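Reader: Let's go through the side-chain contacts. Can you start with the charged pairs?

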Amino acid sequence: DGQAVEIYTLSNAAGMTARIMTYGATVVSLAGPDGFDVLLGFDSLAGYLQEQPYMGAIVGRYGNRIAKGRVPLTGKSYSLAVNNGANALHGGLRGFDKRVWTATAKAEAVEFRYRSAAGEEGYPGQLDVTVTYTLPAGNELRIDYLAAASEDTVANLTNHAYFNLSGEATSLDHVVRIDADRFTPVDAGLIPTGELRAGAGTPFDFRKATAIGARIDARDQQIQFGGGYDHNWALNGGAGTLRKVIEAYSPRSGRVLPVATTEPGVQFYTG
């Protein structure tokens, strides 16, 4: 639409580099001291403008699916833009991943801001969003989210990065551990049923480090619904406390990716 798109580069003394652009507040690359980029993405803006699966972008106003695009809220029912079968996914037809954000450079950080107008994609209320990427000392990328609404609304912000720690054609040999006893089963449309199901004895038990591909073809209804893994795990530990909840490891490259969050759940998606 004629707006300029900028890329900001963060680097630290440890030799880590992150590049983030204003289109979608998208992390374009994330490289360690050896220069290897662990994120999937494109080499030019054109790749991000085509239809693609939210590579590295901030998704919102609401990440994940809302059943039938309907939100009951404070005595009213709001109809959202539907873009995933009968459901609303990742903010609708033109979510936060397809907007140009305003960026401000900070010490060790870049702050991205976006104002979502009332009624955008059907959501009630104006929402002012700030996402801050920080590259502190050490091999770490931190993302902080802040949103303020003019009236009652729903919001669920996340980053949609795809990781590959080896550079091979598949990451199915990556070994993953998730600190969660339970996950949320879904229906055929990938909407959670409301059940919190124990993962023990199922392909969804990652309490012990397990290769992603070990059970991804299991004859399990939930695996079939997700086409692999596309589920939320109910994390152990208290929400609001920053805690390490996931660790991914590539035996081929030796790279390890630990993930920490303050949130109660995490979506594990194998693509």
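Author: A salt bridge here is a side-chain nitrogen of Lys or Arg within 4 Å of a carboxyl oxygen of Asp or Glu. This is a predicted model, so local features need pLDDT of at least 70 and side-chain atom pairs count only at pLDDT 80 or more, while totals for chains, interfaces and linings use all residues. Residues are numbered from 1 along each chain as its sequence is written, and side-chain values use heavy atoms, with hydrogens and water left out.

Reader: How many salt bridges by this rule?

Author: The count comes to 14. K244 and E247 form one of them, at 3.1 Å from N to O.

Reader: Which residues do shared partners join into one network?

Author: R99, E120 and E121, through salt bridges.

Reader: What about E195 and R197?

Author: Their side chains meet in a salt bridge at 3.0 Å, N to O. E195 is partly exposed at 34%, and R197 at 31%.

Reader: New topic. Which residues is Q222 in contact with?

Author: Contact means heavy atoms within 4.5 Å. Leaving aside neighbours within four places in sequence, Q222 touches F183, P185, V186, R197, F204, G228 and H231. Q222 is buried, at 4% relative accessible area.

Reader: Where does the Q222 side chain reach?

Author: To the backbone nitrogen of V186, at 2.9 Å.

Reader: Now the rings. How many aromatic pairs?

Author: The whole structure has 17. Rings of Phe, Tyr and Trp (its six-membered ring) pair if their centres lie within 6.5 Å; planes under 30 degrees apart are stacked, over 60 edge-to-face, the rest tilted. Y8 and F112 are edge-to-face, because their planes stand at 80°, with centres 6.3 Å apart.

Reader: And W101 with Y114?

Author: That pair is tilted, since the planes are at 40°; the centres are 5.7 Å apart. Both W101 and Y114 are buried.

Reader: Which residues do ring pairs link into a cluster?

Author: F183, F204, F206, Y229, W233 and F268.

Reader: What lies over the face of F206?

Author: R215, at 5.0 Å from the ring centre. A charge sits over a ring if NZ of Lys or CZ of Arg is within 6 Å of the ring centre and within 35 degrees of the ring normal. The charged end of R255 sits over the ring of F36, 3.8 Å from its centre.

Definitions and conventions: Buried means under 20% relative accessible area, exposed over 50%, partly exposed in between (1.4 Å probe, protein chains only). A polar contact is a pair of N or O atoms within 3.5 Å; within protein, one must be able to donate a hydrogen and the other to accept it, and residues adjacent in sequence count only if both atoms are side-chain atoms.
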